[in-house]
Amino acid sequence: MIKTLRVGMIGYRFMGKAHSNAWRQVNRFFPELPARVELATICGRNAVEVEKARDIFGWQRAENDWRAVVADPRIDIVDITTPNDTHAEIAIAAARAGKAVLCEKPLSRTLAEAKQMVAAVKKAGVVNMVCHNYRRIPAVALAKQMIENGELGSRIYHFRARYAQQWLADPGSPLTWRLKKEIAGSGAHGDIDAHIIDLGRHLVGEITEVCGLMETFVKQRPLPDGGESGRDTKAGAKFGKVTVDDAVSWIGRFKNGAIANLEATRFARGRKNNITFEINGEKGSLFFDFEDMNRLKFFSTDAPAHRRGFTDILVGDCEVHPYAKNWWPPGHIIGYEHTFVNTFADFIAAVVNGRSVHPTFEDGLQNERVLAAVEKSATSRRWVKV
Ligand code: SOE
């Protein structure tokens, strides 16, 4: 008898859309999973908007109070896609109610909140995961396999990563929640630097010390006119103070001796959602660019000297590449939305088998430790241990 897992999702905007699509697709493309997912309840405070989202995204019920979702005995998984200031309260309540918890990144606004969330899921013994979807880009999963197989050699020297967006480069963009410390916790740092920190931890290892700088280029922004409506929020006539970073740049050391060099900004005109990383080891290098997300570039000294160069691996061969057997024949490529489906497939398997699945809340806490150390370094203008 195949198990059914009923999902209650809190939130319905950008990540609500991405998660709804993934919950709907996961059983179609991963039929081997030991459970079928039901899109039971979608929740949001705006009754009109969340009912529209219920209808469009195909959820069974719409709810306006997350507490009712957490208290519902029919719900097995609570999926948190709301702004960062709600993550801790909802996740802790969901854990106490015995639900498996999937939480969007960053885990929380602060280190203190993250510690409380980890304590709650550990005490409740519930499966928990932070939705760092980029780990499960097949090319990134292949990079992880190649590093673990020693294809870069036993020593890694560099992890160099950049996450560059442009959507706040216009000073007229309104002061939405991602620009308010009391809601977001930080700006580009927790929003997108968190993603490349997660990739560094995943691909290279733990980070031990950091030295960074943070900058807020635009100090005042127009307040939203008539409330926030995601990316199409209109700017009003009044202004408010930006209380988070616009950009962050930092160096650091990994426990294994590799050097970290990361940068995240939402002011890079021309870069819409550009994630790149390069890893240099003693025997070779890997390069990845999200704008060409189905390819992984690989250089190896194993190749004869006269024809050494970066090879261009088009990832997606069913027999040899991660997740490829669940999608299309070689060369048909996949996109952003598939990274959430891959993530949810691994999460569902873990929920059914009662085992942990990375990145866990513990990973999210470690991510927050790095975020906090970089922030402390930027303030104190000195090296800080994680
Ligand atoms: C905004 O910067 C954002 O939506 C992030 O919050 C997401 O995590 C990232 O994947 C895309 O950009």
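Guide: Two strands count as paired if DSSP finds at least two bridges between them. Helices (H or I, at least four residues) and strands (E, at least two) are DSSP runs, numbered from the N terminus. This is a predicted model: local features need pLDDT of at least 70, side-chain atom pairs count only at pLDDT 80 or more, and totals for chains, interfaces and linings use all residues. Residues are numbered from 1 along each chain as its sequence is written, and side-chain values use heavy atoms, with hydrogens and water left out.

Visitor: Which strands stand at the edges of the sheet of 6 strands?

Guide: That sheet is open, with parallel pairing and the order S3-S2-S1-S4-S5-S6. An edge strand has a single partner, so one of its sides is left without a neighbour in the sheet. Here the edge strands are S3 (61-63) and S6 (128-131).

Visitor: Which residue is the bridge partner of methionine 9 in S2?

Guide: Strand S1 (residues 3-10) and strand S2 (residues 35-43) run parallel, joined by 8 bridges. Within S2, methionine 9 has as its bridge partner isoleucine 42.

Visitor: At what angle does helix H2 run to S2?

Guide: Axes are lines fitted to C-alpha atoms, for helices over the stretch in contact (heavy atoms within 4.5 Å). Angles run from 0 to 180 degrees between N-to-C directions. Helix H2 (residues 47-57) lies across S2 and S3. Its angle to S2 is about 155 degrees.

Visitor: How do H1 and H9 lie to each other, and in which hand do they cross?

Guide: Angles under 35 degrees count as roughly parallel, over 145 as roughly antiparallel, 65 to 115 as roughly perpendicular and the rest as oblique. A crossing is left-handed if the near helix is turned anticlockwise from the far one by less than a right angle, and right-handed if clockwise. The axes of H1 and helix H9 (residues 336-353) come within 8 Å and cross at roughly 60 degrees. So H1 is oblique to H9, and the crossing is right-handed.

Visitor: How many nonpolar residues does the contact of H1 with H9 have?

Guide: Ala, Val, Leu, Ile, Met, Phe, Trp, Tyr, Cys and Pro count as nonpolar, Asp, Glu, Lys and Arg as charged, and the others, Gly among them, as polar. On the H1 side the contact includes Phe14, Met15 and Trp23; on the H9 side it includes Phe340, Phe344 and Ile348. The contact has 3 polar residues, 1 charged residue and, as nonpolar residues, 13.

Visitor: How far apart in sequence are the parts tied together by tryptophan 23 and phenylalanine 344?

Guide: Rings of Phe, Tyr and Trp (its six-membered ring) pair if their centres lie within 6.5 Å; planes under 30 degrees apart count as stacked, over 60 as edge-to-face and the rest as tilted. The count comes to 16 aromatic pairs. One of them, tryptophan 23 with phenylalanine 344, is tilted, at 4.3 Å centre to centre and 40 degrees between the planes. Tryptophan 23 lies in H1 and phenylalanine 344 in H9, so the parts they tie together are apart in sequence by 321 residues.

Visitor: Which residue in S12 stands opposite histidine 158?

Guide: Strand S7 (residues 156-164) pairs with strand S12 (residues 259-265) in the parallel sense, over 7 bridges. In S12, the residue opposite histidine 158 is isoleucine 259.

Visitor: What phi does glycine 257 take in the hairpin of S11 and S12?

Guide: S11 and S12 run antiparallel, joined by 7 bridges. Their hairpin has 4 residues between the strands. There glycine 257 takes a positive phi, near 95 degrees.

Visitor: How does H5 lie to H10?

Guide: Helix H5 (residues 111-124) and helix H10 (residues 361-380) pack with their axes 9 Å apart, at an angle of about 165 degrees. That angle makes H5 to H10 roughly antiparallel.

Visitor: In which loop does proline 359 lie?

Guide: The peptide bond from histidine 358 to proline 359 is cis, with omega near 0 degrees. Most peptide bonds are trans. Proline 359 lies in the loop between H9 and H10.
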